[in-house]
Amino acid sequence: KGETYTDTKRRDDVRGANIASARSVADAVRTSLGPRGMDKMISSGDQEVIITNDGATILSRMSLLQPA
């Protein structure tokens, strides 16, 4: 029958990049969760400093380049 060659290298590379970026975001938020969650200090470019343990605040203040 008709055998086709499919190049999955790019698709696998994109999937790996998405997984790596999701893991790094999860690592940034993971330690702030739960009853023994730690506070995070977030500093912005204009010298604004925020100390929080709220995951939503941490995610909203992160500058992410990866669309996933």
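S32 touches G37, M38, K40, N53 and I58, leaving aside residues up to four places away in sequence, where contact means heavy atoms within 4.5 Å. The structure is a predicted model, in which local features need pLDDT of at least 70 and side-chain atom pairs count only at pLDDT 80 or more, while totals for chains, interfaces and linings use all residues. Residues are numbered from 1 along each chain as its sequence is written, and side-chain values use heavy atoms, with hydrogens and water left out.

S32 is found in the loop between α1 and β1; helices (H or I, at least four residues) and strands (E, at least two) are DSSP runs, numbered from the N terminus. With a relative accessible area of 4%, S32 is buried, a class that means under 20% relative accessible area, whereas exposed means over 50% and partly exposed lies in between (1.4 Å probe, protein chains only). The side chain of S32 also reaches the backbone oxygen of V29 at 2.7 Å, which falls under the definition of a polar contact as a pair of N or O atoms within 3.5 Å, where within protein one must be able to donate a hydrogen and the other to accept it, and residues adjacent in sequence count only if both atoms are side-chain atoms.

**The strand pair**

Strand β1 (residues 40-43) and β2 run antiparallel and are joined by four bridges, two strands being paired if DSSP finds at least two bridges between them. Within this pairing, M41 has I51 as its bridge partner in β2, and S43 stands opposite V49. Five residues lie between the strands of this hairpin, and Q47 takes a positive phi near 65°. Strand β2 (residues 49-52) has a covered face, made up of I50 and T52, and an uncovered one, made up of V49 and I51. In a regular strand the side chains alternate between the two faces of the sheet.

**Salt bridges**

A salt bridge is defined here as a side-chain nitrogen of Lys or Arg within 4 Å of a carboxyl oxygen of Asp or Glu, and by this rule the count comes to three.

| Salt bridge | N to O distance |
|---|---|
| R15 and D12 | 3.6 Å |
| D27 and R30 | 2.5 Å |
| R61 and E48 | 3.8 Å |

R61 lies in helix α2 (residues 55-61) and E48 in the loop between β1 and β2, so the pair ties together parts that are 13 residues apart in sequence. R61 is partly exposed at a relative accessible area of 43%, and E48 is partly exposed at 34%.

R15 and D12 are three residues apart in helix α1 (residues 9-30), and are therefore separated by about one helical turn. R15 counts as partly exposed at 47% relative accessibility, as does D12 at 39%. D27 and R30 also both lie in helix α1, three residues apart, which is about one turn of the helix; D27 is partly exposed at 45% relative accessibility, and R30 is partly exposed at 49%.
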